[in-house]
Amino acid sequence: MAASSSFLLSPCLVFIFVALSSSVLVAFAGNLYQDFDITWGDGRGKIINNGQVLTLSLDKSSGSGFQSNNQFLYGKIDMQIKLVPGNSAGTVTAYYLRSEGSSWDEIDFEFLGNLSGDPYIVHTNIFSQGKGNREQQFYVWFNPTADFHTYSILWNPKHIVLYVDGTPIREFKNYESLGVPYPKNQPMRIYSSLWNADDWATRGGLVKTDWSQAPFTASYQNFNADQACVWSSGSSSCGSNNNNSNSSSVLLSQELDSASQERLKWVQKNYMIYNYCTDTKRFPQGLPPECTATNKS
């Protein structure tokens, strides 16, 4: 893992990223009461402000979590999140898509807390048919606890892309042609949880949770799944008879344009601190096939 000094960038690069991020405008709508259920936490999860904000809290007794009422099979999903401020060491705020069953699919954002003043680590992973081990980790170019920022998942038959404030940070392509399983048949719900993982979350478990700082709270707002395909009764809202079929077909075939590809490379060069595709010690028999294919593409 890179030293925290890699988190520092020149003012010019910071300016470029602020300009890129500020140019992203997303239209949000909806009411969180309609979209989500608080599923655990004994009152530590709350929907407030007339359904406009959802909060999850963690104390020494318990964390909390929620899930979406709808299931989705492909689409683009946005959520604005403000992470636990201050000394958040030992805590994990997880936000992800997941299907049911023993051979599940899953697309993960996990935000690993840290000591005050140190950057959060954005831990990402992708599971297909119950197999993960595809971790990539990043720092972000802002303080994710000072304000809300938009975390997005694009999932279609071609690829999965994870975005922060409209900037792609990770792409996982469909390499079924190489024998790599790809999430395509199992609808997934949105889940989020705030929980204690001080056995591994911060510096490999060296820094423990300071319970005197509890309760720890993360906040959510402006959920948008207008471009997602809702799965219901065995069929998708993006079917051919749906009024949104034209926009859906564009979404389901969407790829990264050249500008987005350059932004993705820029993030991975400057902010990526772990990539399973370069961890030869972890895979002594050879890197996974999607890693070799990506390096060649």
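Predicted model: local features only at pLDDT ≥ 70, side-chain atom pairs only at ≥ 80, totals over all residues.
## A cis peptide bond

Most peptide bonds are trans. The bond from Ala 214 to Pro 215, however, is cis, and its omega is near 0 degrees. Pro 215 is found in the loop that joins strand E12 (188-196) to strand E13 (216-232).

## Residues with positive phi

Most residues other than glycine have a negative phi. Asp 42 is not a glycine, yet its phi is positive, near 50 degrees. The residue Asp 42 belongs to the loop between strand E1 (36-40) and strand E2 (45-48). Asp 42 has a relative accessibility of 76%; because exposed means over 50%, Asp 42 counts as exposed.

Ser 233 also is not a glycine and has a positive phi, of about 55 degrees. Ser 233 is placed in the loop between E13 and strand E14 (235-236). With a relative accessibility of 79%, Ser 233 counts as exposed.

Ser 192 is part of strand E12.

Which backbone oxygen does the side chain of Ser 192 reach? The side chain of Ser 192 reaches the backbone oxygen of Ala 94, at 2.6 Å. Leaving aside residues up to four places away in sequence, Ser 192 touches Leu 56, Ser 64, Gly 65, Phe 66, Ala 94, Tyr 95 and Tyr 220.

Terms used: Residues numbered from 1 in each chain as written. Heavy atoms only, no water. Helix = DSSP H or I, 4+ residues; strand = E, 2+ residues; numbered from the N terminus. Buried < 20%, exposed > 50% of the residue type's maximum accessible area, 1.4 Å probe, protein only. Polar contact = N/O pair within 3.5 Å; in protein donor to acceptor, adjacent residues only side chain to side chain. Contact = heavy atoms within 4.5 Å.
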